[in-house]
Protein chains: 4
Amino acid sequence: MDKSRSGRVILAYSGGLDTSCILVWLLEQGYEVVAFLADVGQDENFEEAKKKAQKLGAIKMVVPDVRKEFVEEFIWPSIQANGVYEDRYPMGTALARPCIARAMIKVAKEEGAKYISHGATGKGNDQIRFELSAYALHSGIEVISPWRLPEFYNRFAGRNDLFQYAKEKGIPLPVTPKSPWSMDANLMHISYESGILEDPMTQAPEDLYQMTTDPLTAPDKPTILDIEFKNGTPVSVYNHEDKTKKTDALDLFLHCNEIGGKNGIGRIDIVENRFIGMKSRGIYETPGGEILLAAHIDLEVFTLDREVRKIKRDLDAKFAEQVYRGFWFSPECEFTRDCISSSQKYVDGTVTLKIYKGHVYILGRKSPYSLYNEELVSMNVQGDYDPIDAGGFIKINALRLREYQRLRTESDKQ
Amino acid sequence: MDKSRSGRVILAYSGGLDTSCILVWLLEQGYEVVAFLADVGQDENFEEAKKKAQKLGAIKMVVPDVRKEFVEEFIWPSIQANGVYEDRYPMGTALARPCIARAMIKVAKEEGAKYISHGATGKGNDQIRFELSAYALHSGIEVISPWRLPEFYNRFAGRNDLFQYAKEKGIPLPVTPKSPWSMDANLMHISYESGILEDPMTQAPEDLYQMTTDPLTAPDKPTILDIEFKNGTPVSVYNHEDKTKKTDALDLFLHCNEIGGKNGIGRIDIVENRFIGMKSRGIYETPGGEILLAAHIDLEVFTLDREVRKIKRDLDAKFAEQVYRGFWFSPECEFTRDCISSSQKYVDGTVTLKIYKGHVYILGRKSPYSLYNEELVSMNVQGDYDPIDAGGFIKINALRLREYQRLRTESDKQ
Amino acid sequence: MDKSRSGRVILAYSGGLDTSCILVWLLEQGYEVVAFLADVGQDENFEEAKKKAQKLGAIKMVVPDVRKEFVEEFIWPSIQANGVYEDRYPMGTALARPCIARAMIKVAKEEGAKYISHGATGKGNDQIRFELSAYALHSGIEVISPWRLPEFYNRFAGRNDLFQYAKEKGIPLPVTPKSPWSMDANLMHISYESGILEDPMTQAPEDLYQMTTDPLTAPDKPTILDIEFKNGTPVSVYNHEDKTKKTDALDLFLHCNEIGGKNGIGRIDIVENRFIGMKSRGIYETPGGEILLAAHIDLEVFTLDREVRKIKRDLDAKFAEQVYRGFWFSPECEFTRDCISSSQKYVDGTVTLKIYKGHVYILGRKSPYSLYNEELVSMNVQGDYDPIDAGGFIKINALRLREYQRLRTESDKQ
Amino acid sequence: MDKSRSGRVILAYSGGLDTSCILVWLLEQGYEVVAFLADVGQDENFEEAKKKAQKLGAIKMVVPDVRKEFVEEFIWPSIQANGVYEDRYPMGTALARPCIARAMIKVAKEEGAKYISHGATGKGNDQIRFELSAYALHSGIEVISPWRLPEFYNRFAGRNDLFQYAKEKGIPLPVTPKSPWSMDANLMHISYESGILEDPMTQAPEDLYQMTTDPLTAPDKPTILDIEFKNGTPVSVYNHEDKTKKTDALDLFLHCNEIGGKNGIGRIDIVENRFIGMKSRGIYETPGGEILLAAHIDLEVFTLDREVRKIKRDLDAKFAEQVYRGFWFSPECEFTRDCISSSQKYVDGTVTLKIYKGHVYILGRKSPYSLYNEELVSMNVQGDYDPIDAGGFIKINALRLREYQRLRTESDKQ
């Protein structure tokens, strides 16, 4: 692999100790490094990181703002798909990775770089999501994943080795002590894992959460929101309390985050199954996402035909697995998103919700395309419905059951 | 159908106005009536109902206590199956119907009755659940469903007709005014629907709820519970606050109800798709059920292999539809329950939860059979895991994606 | 229902004894009758039927030729969907019913008729397919189904009653004796059922088959066909033997029928599950359909991504059930067809088949959009494939299995 | 990996050039080699292979006869599961691999060997099936896969290198020229792939097939078989022609092979999707398997409830994918087999088939546990079936469709 000793590499750079060491190590191996940090809404000093990267020897640092496309092109399709992995995890990290990877591959093409590199570990999902996206978008790209290279991970076996290397190379050491867990943040969520959280019985410490208020100290007064959808996509949020209305996708999402955050919405503590085949424990907070998911599912049942929804539900489960496993840019996920999207044509309407101390309550919903027929369902109105038909319906459905009992009773095995 | 003018009928009798009128009407048609009211944990004056039935002319009234079998034989399998219809409704009514129908068919056989009768409407799910169970368990039974008989529903077109009939026949009129909705209660839940709730945008009035405290007025101090499972079935609940531990199935469930109830757990407002093909709006409160479902799903991910769980999840969805539609006693539901039950062999362990103002929080979990391996997943321990393998794993997974991009790009359709 | 005593009815009329009696009976009840017989390619003397209907008193008889739309709008989507019910039945009847019903509803609207009527029995699928299509396309239509009306079926309890009635009413009696089974024919298939075929162990007599030659007497020389598809739809058939090429949809299908027919292709003898809940035994011959289905499935695996195909396969199964049960015109079937259709964008290419004595053999296939990469798969060329990666792929896939064995062995239940 | 230079290795040895070279190469690397060749019914001179292995330096050669367990423990469950990958491939190789791997791991344990080795290529499925089975059964085993080791595959880049090496090391060269494709044989099937078959449009040459007669030259007289099942497993085959009856599992299977083989049954030419992510083209002949699969599916529809079968069908598809991908010994495949097996309790009975020139025809079936009710389905007997019920059944099923049309028409989007 002599060739890998030369050439340009785009490095996903966070400004932290790990990727700073990787940056310097890549230079040491003879690469030219372009640092890359996508703004997906995380709380980060991008200017600081830029300066640091350049000081360490990067040719330059690119910091694209992909927040809007993250919301519109990744989060919205996931809301349409009621995107939740293993029934609980709204996939904040899994949705951001392909968005980031796409921006990075764009830079790689612009810079004529043959390599990309990242600091993800060799046991996680993110290496997979990142690299599958990269390979799918740029078939010829090569990936340098130091934490999977023996020459790297044997050299930096413990945190002390990184410190030592940083000191030697003039890499500024972190001033704040590392929290006893790792985290990943974007505008959709923050995830916390590893460290003390690896014991699945250890409770998450209260000071861990950064996006959400503790429900115990959240406001005593609920907030009421109206969330409006078109084609299964949120188009406005109206806050009954302060009478604000947000219609821009990014504004709307951030407002949901704000309301969800201050009311303690979207905290979960789960064990999940990584693609790599191991179980891991994660704490997540997804305040705005949980509100929008609750609203969408409510409107969907209201507007979609029952049987269409059943088929779509299977597709939703497939979507969630595809995304979680890093297959956003795959033929199957494109197909699944196409199908799901075509199901949302009539998912228009407004859902009213109450947000209070960690829980989202649906209060009501309306839609110009609802298949709900108040008159038909009414106990007081017979309407164009003949109850006698129900008797025939039941008798025919019972036919198979009665036959089964009769024949199995006649001839049952001992 | 002259024969139907004579003979004995078992009537599902609630003591209310409707079934009282039906009782008298059946007598009028020449039937002998045995009144039947199963105790499934609803808040009911069974003695009062009994007296009333006999006063109205019933030969006798049978009131079996099926609470324990309801919990053990119907709720527990549903917990194992994470039984939730259309992702939200825990099926409190749907689970009770086959339990009640089974008890009723037992009485029909004992009494040599050829008929059963009930007061369910012709637009709902309950007529179906009730009758499919009955036909499946007693192939020759005949069902008299007055609200589907023109001679009945034409005669009693409005509530006034029932009042008029009651007055004529000496049926005691209800002393309390009817609430502007209907409800169905058992130990698992109360459901509210119709009347003012038929408008899907009308909020449920606060005085509607009977099992749960309003989260706004619920205790400010959370309750911590440990729920222990064996084979996916709850075997004990330990309350950290009052140090009580419940191990009897019925006690355990009622304790979860109590804790859930006072903390405002399990209120939902949904639109759902009835089997009959119409959408309806229901308000439900399922306090204990929601707690146990949250605990079970957590333990299941912890102890089941990922791929087993994925297969089981499809079965869970089938189970929920079968039960919702009234097919508990069907070959497919028996088969589904068998499969699900066999998946639960190792779902043993304890989940710790925090219950607070309408929301259930998972705090941690442990199990003797967990497939979670703290050492394997650890960021700090490499263990018996070679990170290089992950590179190959990713490359092979990317093969298909890269080929797809390459070939589709080469030969893409315009 | 006095109103039903007057008004105009469109009767699905075959010219046979049953529907002739129904025609006269409807007139007797006071209806005006418009006879209707769709040409779906069955072997029928349409002129004869027309004269007969008018002689019996029909206002007129409408005989639309729907063969082309049957092929293009019903059979083609089913080929795209590999449409086979319960893994064996290519649904020749199930596909024709919605096509016929649509044409009939068109006539009903043109004629201002409030009613439609048919001679399907009360135990079969066809009444359902027919009526669900009608209701879906014309919400207000009313259906008169004599074989479900006691006043009709009690009067005509046996075949003799029909004969008697025919004699009384001057309805010409059939000159040929009725075969001891019933059949339904269209250009896609002929089905045979009931009568002596009701015993599932009785073999179909050789003189039953009408579309296909007995494989034992079929030509000793195979026929080679090239079938070309665009978007998963057949666009040409080339016959290597006689050098003919058919490109018109109807011609193409009929040529496949001809080749399939003379080579004894597409005979099946199955038991199937009717929607009504009973099992029935049917003999079918679908010569052209079987050839096209075999070709399509081959090309599909060749051109579709593996994971897309897997998702589509689930949709195919749903499509088959929807169509079999009569839900062609339903939101779910529209959605399913949309999804399936969008999957077929690249299913272009040609499949070469050998047709010989009852069996279809695939000989080869080619496509401009195949995802098959001869170089990549070659044993002799390593290409852009690193075999070391496979080792990592396997080890990571094994991780979960090894953990499972290790943990279950350590802690196994007794 | 110094340790890998010493120690004992069990080598899957076929006696051919490749594995002979591997054997010698392993000795060269310092391993002790135990040669292993499972008898799965392939046409092989086991004594010859044994002598050769020992001559080349193997400590010993173990040749277990696993034919019976292959049939009973692998093929039978696959028959129960209607085991066919991607709707066409009956998985003859995929079923044999776990059987062979299990026998090999048994030897590894007996011999105290730390390593196993095989000659499978780095692009195929077999390496995966083999190794996943090995890891699942013996978590600590290590696999030496020379065709994935650069030091091996770079040295033996072409066939000439193997010849050269063989000459140097005194390995006997093959006397017959290698066919221009590779094959894998066992008692269930022979597969052919690669070489000239890599072009998916090239027809398989007629002299390729070894298990089956060309249908063109197969007997002109059909053979009639009765195949009897208990619990979905074949228990006897009766041949109407020669009046023989086979009841031993191995005899029975071999008899089906013989009949299928001489009548040209079970030849397929397909493109399939390998687990590794590439498409490959394979020719297979599975004479007995195709017969048994056709019989089983027929009996299954006859005896299983419709809805049970539908659920089982999904499980069947999962089973096929699991087995094809090498996950026989996995928690999910164990679970799937358990569920499938429990569905087969009543799949007892006899199917009569006609075998003729490449095609299997079902003639009839009978069962003590059929859910087929001849009287119920009869057109001539009304029985305990009220046709009026069907009207109600249809109307209720139409309710949703009518509503959909009505509401969508009222409010349709432009």
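Predicted model: local features only at pLDDT ≥ 70, side-chain atom pairs only at ≥ 80, totals over all residues.
Between chain A and chain C the count is 2 salt bridges. One salt bridge pairs Asp314(C) with Lys318(A), and their closest N and O atoms are 3.0 Å apart. As for polar contacts, the rule finds 2 residue pairs across the interface of chain A and chain C, with both residues at pLDDT 80 or more.

Which parts of chain A make up that side? Helix 10 (306-324), helix 11 (331-343) and helix 13 (387-410) of chain A each supply at least two residues of the side that touches chain C. The largest share comes from helix 10 of chain A, with 8 residues. Sorted by class, the side of chain A that touches chain C holds 10 nonpolar, 5 polar and 7 charged residues.

Now the extent of this interface. 22 residues of chain A are in contact with 22 residues of chain C. The size of an interface is often given as the accessible area lost when the parts come together. For chain A and chain C that buried area is about 1900 Å², with 75% of it on carbon and sulfur atoms.

How are the two chains related? Chain A is superposed on chain C by a rotation of 180° with 0.0 Å of shift along the axis, and the RMSD is 0.0 Å. In chain A, the residue that comes closest to that rotation axis is Cys339(A), whose C-alpha is at 2.7 Å. Of the interface residues of chain A, 100% are also interface residues in chain C, so these copies meet through the same surface.

Next, chain B and chain A. Here 102 residues of chain B are in contact with 102 residues of chain A. The two chains bury about 9600 Å² between them, and 58% of that is on carbon and sulfur atoms.

How many salt bridges are there between chain B and chain A? The count is 14. In one salt bridge, the side chain of Arg313(A) meets the side chain of Asp87(B) at 2.7 Å, N to O. The rule also finds 39 residue pairs in polar contact across the interface of chain B and chain A, both residues being at pLDDT 80 or more.

Is Ser20(A) buried or exposed? Ser20(A) has a relative accessible area of 0%, so it is buried, the cut-off being under 20%. The side chain of Ser20(A) reaches the backbone oxygen of Gly16(A) at 2.7 Å. Leaving out residues up to four places away in sequence, Ser20(A) touches Tyr13(A), Gly15(A), Lys52(A), Leu56(A) and Ile171(A).

Then Glu111(D), which has its place in helix 4 (residues 92-111) of chain D. Glu111(D) counts as buried because its relative accessibility is 16% and the cut-off is under 20%. Which side chain does the side chain of Glu111(D) join in a polar contact of 2.5 Å? The partner is Lys60(D). Not counting residues up to four places away in sequence, Glu111(D) touches Arg8(D), Ile10(D), Val34(D) and Lys60(D).

Last, Ile283(D), which lies in strand 12 (residues 279-285) of chain D. Ile283(D) counts as buried, at 0% relative accessibility. With residues up to four places away in sequence left out, Ile283(D) touches several residues, including Ile190(D), Tyr192(D), Leu197(D), Leu208(D), Ile268(D) and Asp269(D). Thr244(D) is 39 residues from Ile283(D) along the chain, and the C-alpha atoms of the two are separated by 31 Å.

Key:
Residues numbered from 1 in each chain as written. Chains lettered and ligands numbered in written order. Heavy atoms only, no water. Contact = heavy atoms within 4.5 Å. Buried area = accessible area lost by both parts, 1.4 Å probe. Salt bridge = Lys/Arg side-chain N within 4 Å of Asp/Glu carboxyl O. Polar contact = N/O pair within 3.5 Å; in protein donor to acceptor, adjacent residues only side chain to side chain. Buried < 20%, exposed > 50% of the residue type's maximum accessible area, 1.4 Å probe, protein only. Helix = DSSP H or I, 4+ residues; strand = E, 2+ residues; numbered from the N terminus. Nonpolar A, V, L, I, M, F, W, Y, C, P; charged D, E, K, R; others polar. Least-squares fit on C-alpha atoms with pLDDT ≥ 70 in both.
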